[in-house]
Amino acid sequence: MERFAYQREASVEGAVSAARETAAAQFVAGATNLVDYMALGLLRPRTLVDINTLPERYARIDSNDARLRFGALVRMGEAEDHPVVRTRYPVIQQALALAASRQIRNMATLGGNVLQRTRCEYFRGSGFACNKRVPGSGCEALDGVNRAHAVLGTSENCIATYAGDLAQALIALDATVETAGAAAGARRIPFAQLHHLPGATPHIETALARGELITYIDVPAGPWTSRSRYVKVRDRDSYQFALASAAVALHVEGGVVRAARIALGGVATVPWRAHEAEAVLTGQRLDEALASRAAEAAFAGAQPRRHNAFKVPLGKRTLVRALLETQAMSVAHET
Ligand SMILES: Cc1cc2nc3c(=O)[nH]c(=O)nc-3n(C[C@H](O)[C@H](O)[C@H](O)COP(=O)(O)OP(=O)(O)OC[C@H]3O[C@@H](n4cnc5c(N)ncnc54)[C@H](O)[C@@H]3O)c2cc1C
Ligand code: SF4
């Protein structure tokens with residue numbers, strides 16, 4: 001690991017200006033992702049700006065009938081244990097509980113989680129062509145060992161999978177991130193616009209400007225939030241990233257789906273909202289045949305490569321299971 005400067009900031013303004021003014025600065029929260037990638041020599045920040053000393057409100061969970069609000073410094077484990085998250089937003093609770101290990105979740109923050117980097121082994125290793133690490137160098141994964149790679153949202157320049165779980169729940173529920181430090185000051189970014197598709201610029205991963213800090217994550221309450229579920233399929237049943245996952249939230253009235261919110265993980269380059277699948281379900285009675293049609297729609301645009309074609313049928317089966325399990329939930333507070 002290379003030498004770096006370290007500073008703690010007690011205010012958002014201080015943290016933002018430190019990160020803007022110092023070349024190659026990075027915020028550090030739980031450090032579980034950042035330090036891993038620094039140890040690999042992949043990230044070489046000159047300065048780490050520690051945000052753990054920001055005011056307590058950025059580590060708080062607030063809720064009312066209209067929304068759930070997370071400070072960006074809330075630890076994954078705290079959010080997972082929160083009674084409102086467990087009962088009113090189970091898809092968020094399950095996405096958190098199925099991620100990493102409890103030890104990591106006790107350190108890792110929600111802000112850091114949604115900004116975690118890809119696990120593409122060519123990106124993490126040195127000596128491979130990788131457009132994300134060295135723009136214009138090529139992509140070793142296209143014709144390499146691409147079993148873990150994406151089938152949705154890919155480009156000819158990058159097929160790396162977005163690795164996290166929480167983001168699927170957040171994009172499905174139309175969350176918004178609040179930030180500080182953009183040129184125009186504080187702003188709100190719909191979660192669906194936070195992550196960039198790789199396209200021709202896989203090294204530009206998010207909509208955040210240099211030195212822009214996520215301060216809050218807001219999740220609006222809806223009649224679908226209580227009836228929601230996260231299903232994650234992986235090689236090993238703990239401490240493992242998804243091969244395929246589905247975040248589903250349904251508003252069902254009299255057996256008819258009034259509204260569906262669906263996102264897919266493990267199969268796409270960014271947190272992936274499956275609007276086509278939602279359209280298949282809306283206004284219909286959900287049964288296995290309809291769920292299968294929705295899954296077909298969700299993967300209609302899939303572009304598998306040599307080793308990851310199995311993700312298409314696996315992703316469809318994961319979504320069908322998530323839909324049927326969500327429908328079968330017994331829900332105390334369907335609002
Ligand atoms: C072995 C292992 C298994 C894992 N398995 C899973 C899994 O199954 N599912 C899953 O979702 N995750 C998994 N993870 C990833 C883990 O959840 C992330 O490392 C963690 O959530 C990152 O949070 P952090 O607070 O530690 O972020 P940090 O490491 O502190 O930061 C990560 C990045 O976000 C930036 N950042 C942090 N906070 C902010 C902010 N508020 N505003 C702007 N930028 C910010 C940092 O500058 C850095 O670039 C795993 C990690 C490991 C090591
Ligand atoms: S898939 Fe993306 S991250 Fe992986 S080697 Fe190719 S360009 Fe790099």
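**Note on cavities, a ligand site and selected residues**

1. About 70 Å³ of space lies in the largest cavity, one of 2 cavities of 30 Å³ or more that the structure holds. A cavity is here a set of points, on a 1 Å grid over the protein atoms alone, where a 1.4 Å probe fits but cannot get out, whereas a pocket is an open set with protein on both sides within 12 Å along at least five of seven lines; lining residues have an atom within 4 Å of a point. Grid points are joined across faces, edges and corners, and a volume is the space filled by probe spheres set on the points.

2. The model is predicted, so that local features need pLDDT of at least 70 and side-chain atom pairs count only at pLDDT 80 or more, while totals for chains, interfaces and linings use all residues. Residues are numbered from 1 along each chain as its sequence is written, chains are lettered from A and ligands numbered from 1 in the order in which they are written, and side-chain values use heavy atoms, with hydrogens and water left out.

3. The largest cavity is lined by 14 residues, and those nearest its centre are Cys120, Cys130, Asn131, Cys139 and Cys158. By class this lining has 10 nonpolar, 2 polar and 2 charged residues, where Ala, Val, Leu, Ile, Met, Phe, Trp, Tyr, Cys and Pro count as nonpolar, Asp, Glu, Lys and Arg as charged, and the others, Gly among them, as polar.

4. Ligand 2 sits in the largest cavity, in the sense that more than half of its atoms lie within 2 Å of the grid points. Around ligand 2 there are 14 residues, the closest being Cys120, Cys130, Cys139, Cys158 and Ile159; a residue is near a molecule if one of its heavy atoms lies within 4 Å of it. The shell around ligand 2 divides into 10 nonpolar, 3 polar and 1 charged residues.

5. The second largest cavity, with about 30 Å³ of space, is lined by Ile51, Leu54, Tyr58, Ala72, Leu73, Leu213, Ile214 and Thr215. Its lining comprises 7 nonpolar, 1 polar and no charged residues.

6. The second largest pocket has a volume of about 470 Å³, and of its 18 lining residues Arg119, Cys120, Glu121, Ala148 and Phe241 are the closest to the centre. This lining has 9 nonpolar, 4 polar and 5 charged residues.

7. Helix H5 (residues 90-97) is largely enclosed by the rest of the structure, because 7 of its 8 residues are buried, namely Pro90, Val91, Ile92, Gln93, Gln94, Ala95 and Leu96. Buried means under 20% relative accessible area, exposed over 50%, and partly exposed in between (1.4 Å probe, protein chains only); helices (H or I, at least four residues) and strands (E, at least two) are DSSP runs, numbered from the N terminus.

8. Ala25, in strand S2 (residues 25-28), is buried, with a relative accessible area of 18%, and its C-alpha atom is separated by 7.8 Å from that of Gly211, 186 residues apart along the chain.

9. Most residues other than glycine have a negative phi. Asp174, although not a glycine, has a positive phi of about 60°; it lies in the loop between helix H9 (166-172) and strand S6 (176-182) and is partly exposed at 36% relative accessibility. Tyr239 likewise has a positive phi, of about 55°, in the loop between strand S9 (228-233) and strand S10 (244-253), and is partly exposed with a relative accessible area of 48%.
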